[in-house]
Structures are given as C-alpha cells and as structure tokens.
There are 2 protein chains.
Amino acid sequence: MSDASKPLKVGIAGLGTVGAGVVKILQGHAGLLTRRAGRAIEITAVSARDRSRDRGVDLTQYHWCDNPVETASLDDVDLVVELIGGSDGPALTLARETLSKGKSFVTANKALIAVHGKELATLAEKNGATLRFEAAVAGGIPIIKALVEGLAANEVTGLHGILNGTCNYILTRMEREGLSFAEVLADAQRLGYAEADPTFDIDGIDTAHKTAILAAIAFGVAPDMANLPVEGIRTIAPVDIDYAKELGYRIKLLGVARKDSAGVETRVYPAMVPLTAPLAGVMNAVNAVVVHGDYVGETVYEGAGAGEGPTASAVVADIIDIARGNLCPAFGVKVADLQTLPAIPADKHYGTFYVRLSVEDKPGVMAEITAALAKEQVSIKSILQRGKADDGGVYIILTTHRTVEASITAVLERFNALKSVLEAPAMLRIEEV
Amino acid sequence: MSDASKPLKVGIAGLGTVGAGVVKILQGHAGLLTRRAGRAIEITAVSARDRSRDRGVDLTQYHWCDNPVETASLDDVDLVVELIGGSDGPALTLARETLSKGKSFVTANKALIAVHGKELATLAEKNGATLRFEAAVAGGIPIIKALVEGLAANEVTGLHGILNGTCNYILTRMEREGLSFAEVLADAQRLGYAEADPTFDIDGIDTAHKTAILAAIAFGVAPDMANLPVEGIRTIAPVDIDYAKELGYRIKLLGVARKDSAGVETRVYPAMVPLTAPLAGVMNAVNAVVVHGDYVGETVYEGAGAGEGPTASAVVADIIDIARGNLCPAFGVKVADLQTLPAIPADKHYGTFYVRLSVEDKPGVMAEITAALAKEQVSIKSILQRGKADDGGVYIILTTHRTVEASITAVLERFNALKSVLEAPAMLRIEEV
C-alpha cells in the first residue's frame with residue numbers, strides 16, 4: 001500500500017470518454033479533492049491505443065505507456081484505473097498484474113467483475129490491495145457503496161434495477177411515440193443512443209453483468225453469471241406497452257435479485273411494474289435501483305447510468321475512497337466469508353404473470369383458454385378480450401395470481417398447441433416493486 | 001482509537017424506539033455484521049432513564065448506566081451511540097465527553113449536529129476520534145455517505161430534500177382526501193403520525209436542522225442555522241393544492257441548499273415541484289433527496305425517513321464504518337478546510353413564484369393586479385381567474401417568470417394594500433427540480 005501521508009499516484013489505462021472524464025475531474029477539482037481525500041491525488045501515467053488523438057485534456061506531463069499492462073509496473077503508480085473494457089484480454093491481465101503487486105485497482109468494467117470478480121477479490125486480499133468498481137454498475141449512482149456500506153446493517157432480501165440506459169430509452173420512446181422496437185432501435189442507433197451492434201444492451205447481457213455484481217454484494221456471494229437467465233427487450237410489442245398501461249403498469253427491463261430460505265434467484269427480464277412504483281417513473285436513459293433490506297425497508301437510488309461525467313464521477317469516488325484509506329473488501333466481506341447459496345432456477349420462480357394471446361374470434365375459444373389454465377392450476381386474476389386493429393382475430397389479455405413459472409411455461413405450451421391461437425403468446429412477468 | 005483486531009465495544013445512551021432497534025440489529029445480525037466489519041461489534045453498556053421498562057430486547061448482559069454521560073468513561077466502551085436527543089443538555093455533554101476521550105461518537109441527533117456540529121467535529125479531530133451522524137438526516141437513506149463519499153468527485157451545486165415524514169404525510173392526505181391542514185393534523189396526531197406538540201415538524205424546524213447538515217457536507221461549510229430562513233406548512237390551503245395540480249405541480253415541504261458564485265443559500269419552505277419530477281412522486285412519510293453535482297448530474301435517494309428499523313439501520317451502518325476503519329472527517333473535509341461562504345439572504349433568492357389572490361368580482365381588478373406586478377418589474381408567466389365556491393369573490397392565480405424574491409415581497413405588499421384584495425395573498429415558490 002501507498003503511504004497515506006504522500007500523494008496517491010494514479011495510472012489510467014484507457015482514455016476513451018470516461019478516461020478523459022477522469023482526467024478532467026482529477027485536474028479540474030485537484031484542490032477540492034485534496035481537501036476531501038486528505039492528500040493529493042496525482043495522475044502519473046496514462047495508456048491508450050492511439051497517442052496522437054486529441055482527447056480535450058492535457059496529458060503531456062504524464063508518463064505514456066503504449067501497453068496498458070505497463071502501468072501496473074511503474075514505480076510511481078500506486079493505483080491503476082482500468083477503462084479498457086472486456087471481461088478478458090488486456091483488462092484482465094492488467095487487473096491481475098496490478099493486484100499481484102499489492103496496488104489498488106479501480107475499474108468501470110462490469111464484464112470483468114461479473115466474470116472474474118471473485119478471482120480478483122482473492123488476489124487483492126492476498127496482496128493487501130484494494131479492488132473497487134463503483135462505476136461498473138449504474139454509472140453515477142453510488143449503489144455499490146450504498147449496498148456495501150450504507151445498508152451494511154441489513155440483510156438484503158431483494159433488489160430490482162433499471163441498469164441499462166439504452167433499453168430504458170428505447171422502451172420510453174416506444175411508449176411515448178407508439179413506435180415498434182425496430183423503429184426506435186434504428187433511430188437510437190442513428191442518434192448514438194444505441195451501439196451499431198446493440199446486442200449487449202438490448203439482449204440484457206449488460207444488465208446481467210450488473211445484476212450479478214449487485215447480487216454478489218447484496219447477498220455476500222460471488223458473482224455468478226452461470227445461474228442468471230437473461231431475456232432482453234427485442235420481443236416487446238407496442239400492444240403490450242398499451243395493455244400494460246391499461247392494467248396500471250409500465251414495462252421496464254429489470255435486473256432482479258432475490259434471496260430467501262431456498263437460495264438466490266438472479267434474473268434479467270422485461271417486466272411490468274406498477275405505474276405508482278418508483279421504477280415506473282424512471283424514463284429515458286436514467287438508471288435506478290430499488291433495494292429491500294430487513295431493517296431499512298425499501299430504499300431507491302436514481303441517476304445517470306452512463307456517460308462521461310457520471311461514470312468518471314464514480315471512478316474518482318473510488319480513488320478518493322482509497323486515498324482516504326477506506327479499504328473494506330470488494331464484495332463487502334472477505335472472500336473466505338462469501339457464501340455459496342443454491343441458485344433458484346427460472347422454472348421455480350414465483351410471481352404473477354401477464355399473457356397476451358392472439359386468437360380466432362369464434363365461440364369456444366375462451367373456454368379452451370381457461371381450461372388450459374385450469375389444467376395447470378393457474379388462477380386468473382383478470383381476463384379481457386379485445387378486437388385487433390390488423391385482422392379479424394381478437395386479443396385475450398390475462399393476468400394471473402401468484403404461481404410458479406413452470407406452470408406458466410406449461411400453460412404457454414398448451415396455448416401454442418391450440419388451433420384457435422394464431423401467434424406465439426406474449427408473456428411478461430409482473431413485479432410489484 | 002480501538003485496536004482493529006479486537007471487538008469494537010459499543011455503549012448506547014438512550015433506549016427509545018431507535019435504541020431498541022440498534023440493540024436488535026447488533027444482536028440479531030451479530031454474525032453477519034462481524035463478517036462485514038471484519039471484527040465483532042459488541043454492546044457493553046447501555047443507559048436510559050427508566051431501567052425497569054420492557055424494551056423487547058434482552059439488556060441483562062450489558063453494564064447499566066443511570067447517567068448517560070457515564071458511558072463515555074467506561075473502559076470497555078470504544079464507541080458511544082447517542083440517542084437521547086436535543087441540541088444541548090446530556091446529549092451535548094455526552095458528545096463532548098466521548099470525543100474528548102478519543103472515542104467514536106455516533107448519533108441520530110440532527111439538532112445536536114446542526115447546532116454544535118463544527119465544535120464536535122473539531123473535538124473529534126483534535127482527539128483522533130470519529131464523529132458520525134448518518135441517522136440524523138433522512139433515516140434509512142444513506143444520504144450523508146452518498147454526499148461525503150459517493151459523490152466526492154463532484155462540486156455539489158444544489159440539493160432539494162423532502163426531509164420530514166410528518167409534513168409529507170399531512171400534505172399527501174390533504175391532497176388525496178381534500179381535507180384542511182388542521183383536519184389532517186388532528187387525525188395524524190390521533191394515529192401517532194404527528195407529535196402532540198407538532199411544532200418542530202410542521203413549522204419546518206426539523207427540516208431546517210437536516211438541511212443545515214446536508215448543506216454543510218455538500219458544500220464543505222459548517223452547519224449554519226443562523227442563515228436558514230424557515231417556513232412550515234401551516235398555511236397551505238387545499239385550494240392551493242388543487243391549483244398546483246392544475247398547473248402541473250404538487251406541493252412539498254423542501255429543504256433547499258444552493259451554491260453559486262454569490263455564496264450559499266439554505267432555505268426551508270413549501271414549494272411546488274413538477275408532477276413529473278422525482279420528488280413529486282414521494283408520498284406519505286417517505287423522505288427523498290435530489291442532489292446536483294457538476295459531473296454526476298442529478299441523483300435521487302429515497303426511503304423511509306424515520307422509524308425504528310430505518311433509523312437503527314443508519315446508526316449501525318455508522319458503527320460498521322468505524323469498525324472497518326473508515327474514518328474520514330465528519331463533514332467530508334478537515335475542520336480547517338471548511339469554507340466560510342457568504343449566506344445569500346432570502347430577499348436575494350431568484351426563482352419563479354405562484355400567487356393566489358382572493359379579489360372582488362368587479363371591473364378593473366385585473367388591471368390593478370397586473371399594474372402592481374408591472375411596477376415591481378415582475379413578469380407574468382400565467383394568470384387565470386376562477387370563481388370561488390364559498391362567497392361572491394373570485395380567485396386570481398398567477399405564476400411568474402424568474403425574478404428576485406424581494407420583488408415578490410414588494411408585489412405582495414402592493415396586493416395587500418388594494419381594497420379589492422379580500423384576503424392576504426397566498427405565495428409559494430416553484431422549484432423546477
């Protein structure tokens with residue numbers, strides 16, 4: 001560890017938007033941060049692929065490393081900030097090198113932590129180093145600090161998060177403008193709100209990485225991407241957004257983590273949340289997390305999920321923490337104290353469900369539908385039938401009482417087998433958060 | 001300081017609801033908290049006025065002090081939790097005694113910190129002790145940690161908080177049930193949601209204490225109750241709640257803190273917030289704080305503001321922090337680094353305003369009203385006239401463009417002097433948070 005009476009010397013690997021933002025804050029707020037940290041925080045080295053690119057910040061006084069992994073080895077680097085990205089490759093090598101040398105490692109890399117978090121925390125502990133990743137989840141919202149420290153008195157029983165700004169932006173525009181998923185995605189790509197390859201965002205993988213990290217910290221387990229079923233938002237149809245509203249809900253892509261006596265359930269899926277719930281009011285690219293603790297009850301955290309300023313703000317908060325000597329374990333407890341809890345599989349999920357069926361408009365159809373539900377012991381909470389705009393069929397919209405997901409899967413199979421059902425049914429989980 | 005390899009020994013002074021809650025958490029989550037803190041946290045001493053009272057927790061193994069100040073002197077107390085309350089008296093004596101001995105001091109006492117915070121932080125620093133008060137503001141929401149640590153990379157430019165559950169509960173019921181302030185207050189007192197003497201809550205004093213603390217931490221200044229004009233909710237009429245809604249707003253009692261080049265403005269007043277803003281959705285006894293940082297943008301924190309579980313959760317989080325060795329200064333910077341910034345007086349406040357006038361229904365009145373505004377250079381954003389239910393007069397409802405508060409005060413004086421104005425005008429500030 002570095003001497004707390006001396007400046008903390010920082011090497012930054014990766015100088016994209018966030019990296020430039022970190023430089024801006026450390027340069028622009030130098031005096032303020034020194035007062036807060038109780039010591040100076042000095043950038044000493046930087047690394048990126050292209051040295052010649054203008055990043056809008058003056059990097060001339062810093063040591064330049066062509067190879068990011070070099071930053072870990074420099075004598076005048078106490079702490080490495082990794083902003084390269086990717087779960088493996090140079091980011092992982094740099095993390096291992098840095099922590100092995102007993103130096104602190106700060107990253108915004110959710111994939112790295114979701115996949116290799118336990119290994120890296122172990123390495124940190126073994127070498128007396130500090131590993132921090134506040135910026136990896138929900139950008140500017142200090143949710144990791146809230147879970148590890150602010151809510152440390154609680155057994156956390158569950159959390160729900162809107163963790164991907166791109167998805168929330170797409171869902172917001174689909175609702176407001178009545179457009180299809182494909183239409184909004186194309187426009188979002190044109191405007192730079194979605195990547196050219198949007199898979200990581202819209203298929204829920206980014207949300208899954210963040211959910212794995214939050215669940216690990218909340219429950220004191222290792223991040224576990226292997227037991228985290230993921231569904232994205234490609235299949236969300238405008239008609240379901242409309243029916244959600246009619247039923248008093250709004251559709252959001254959620255990262256969900258629950259713990260009970262049976263084990264831990266971590267999931268990513270689009271779900272209906274009540275219009276009166278805090279998460280329903282979170283629009284555009286904003287992120288939010290609702291945490292349930294046994295003593296504190298429900299607390300909600302909301303803010304920008306990405307972008308130069310918010311993400312850099314989180315990175316710098318981690319650096320200040322380390323400068324101050326706040327060195328608690330990466331996942332809130334020592335690695336040896338991380339628990340191994342059973343993973344609750346998707347088919348054992350209990351909840352309430354929304355199903356939309358497109359059916360022939362003829363006598364007996366409703367009887368077939370309700371019979372299928374009855375056979376699987378699924379109790380109907382509400383059911384309604386509506387004419388369709390596009391053809392002669394009708395929609396049947398139903399919500400269920402609390403039941404196990406396996407029963408819904410079985411019901412959907414029965415629906416699919418009916419000749420009067422014209423399309424694959426749409427199903428969404430309802431989360432009464 | 002206590003040795004970090006040994007248990008942290010805690011004395012608790014004050015065994016009301018929150019004190020009992022702290023005992024419950026420390027007893028019930030002992031194993032979990034030991035893993036999180038990296039060491040055991042042991043209650044060794046307790047103190048309260050009445051030893052015989054059943055508090056629903058087993059206190060038999062703890063040293064009992066009849067005098068709370070005694071807890072500070074016990075050899076087997078490293079940290080004192082103060083839950084007595086009041087800005088002076090035994091709470092203050094205990095704080096001074098504890099910190100003078102170099103022991104840590106954790107409190108939920110907003111009045112104590114708002115009034116004596118700087119003195120106590122100085123004492124803590126001088127004696128190598130840690131002072132913490134997460135539970136003093138917004139109960140279960142870790143807002144102090146968010147400001148001191150989570151957002152430490154930012155210059156905070158402003159914050160708005162719903163910080164008093166009683167007031168928010170009263171305003172919620174006034175709106176939902178169309179009742180008067182007096183009616184809801186009486187019922188809230190009957191139900192235990194408001195104190196027999198509700199002055200501290202409804203006149204905004206409790207919110208002021210919390211605002212002074214948040215402003216101190218956000219801006220790196222000492223808490224300053226002397227420059228914090230306070231207005232409560234006694235004067236809020238149901239008709240203003242209705243007009244607020246019609247204009248797209250909801251009335252909330254806010255603690256407001258702003259910093260700009262002119263200085264710091266801290267205020268407590270009921271204000272109109274847009275129905276689409278996060279604070280508008282905060283109902284019943286829930287608390288929430290919106291913070292604006294220069295890099296992070298807007299972040300929002302929401303949760304229970306009071307009660308046994310949430311408040312005890314915050315107290316125990318402070319204890320865990322100290323057990324972990326997270327010892328950063330009480331106000332985020334050393335006392336010597338606290339700045340002295342000019343206080344912006346109320347009449348120099350800039351904002352937009354809502355005014356409701358009760359006037360005679362006769363020709364020329366609107367001309368008198370608009371002339372008064374013109375004389376004070378106040379520009380009208382919207383104006384409407386409505387019939388009154390109760391007598392022959394009419395209401396004139398107006399909102400202004402951005403102007404200085406002194407002009408509004410002058411306008412209200414002009415209105416009051418008009419014979420056609422039948423009652424004292426109602427005025428509310430509009431906060432576009």
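In the predicted model, a salt bridge links Glu149(B) to Lys145(A), with the closest N and O atoms 2.6 Å apart. The count of salt bridges between chain B and chain A is 2. Polar contacts across this interface amount to 20 residue pairs, both partners being at pLDDT 80 or more.

On the side of chain B that touches chain A, two or more residues are contributed by each of α1 (17-28), α2 (30-37), α6 (143-150), β11 (297-304) and α12 (308-324) of chain B. The largest share of this side, 8 residues, is supplied by α12(B). By residue class, the side of chain B that touches chain A comprises 22 nonpolar, 12 polar and 12 charged residues.

Contacts involve 46 residues of chain B and 46 residues of chain A. Between them, the two chains bury about 3900 Å², and carbon and sulfur atoms account for 55% of this area. Within chain B, the most area is lost to chain A by Arg35(B), Arg36(B) and Tyr295(B), which together represent 17% of what that side buries.

Strand pairing also connects the chains. Strand β11 (residues 297-304) of chain A runs antiparallel to β11(B), and 3 bridges join the two strands. In one of these pairings, Val300(A) has Glu302(B) of β11(B) as its bridge partner.

How values were computed: Residues numbered from 1 in each chain as written. Chains lettered and ligands numbered in written order. Predicted model: local features only at pLDDT ≥ 70, side-chain atom pairs only at ≥ 80, totals over all residues. Heavy atoms only, no water. Contact = heavy atoms within 4.5 Å. Buried area = accessible area lost by both parts, 1.4 Å probe. Salt bridge = Lys/Arg side-chain N within 4 Å of Asp/Glu carboxyl O. Polar contact = N/O pair within 3.5 Å; in protein donor to acceptor, adjacent residues only side chain to side chain. Helix = DSSP H or I, 4+ residues; strand = E, 2+ residues; numbered from the N terminus. Nonpolar A, V, L, I, M, F, W, Y, C, P; charged D, E, K, R; others polar. Pairing = 2+ DSSP bridges.
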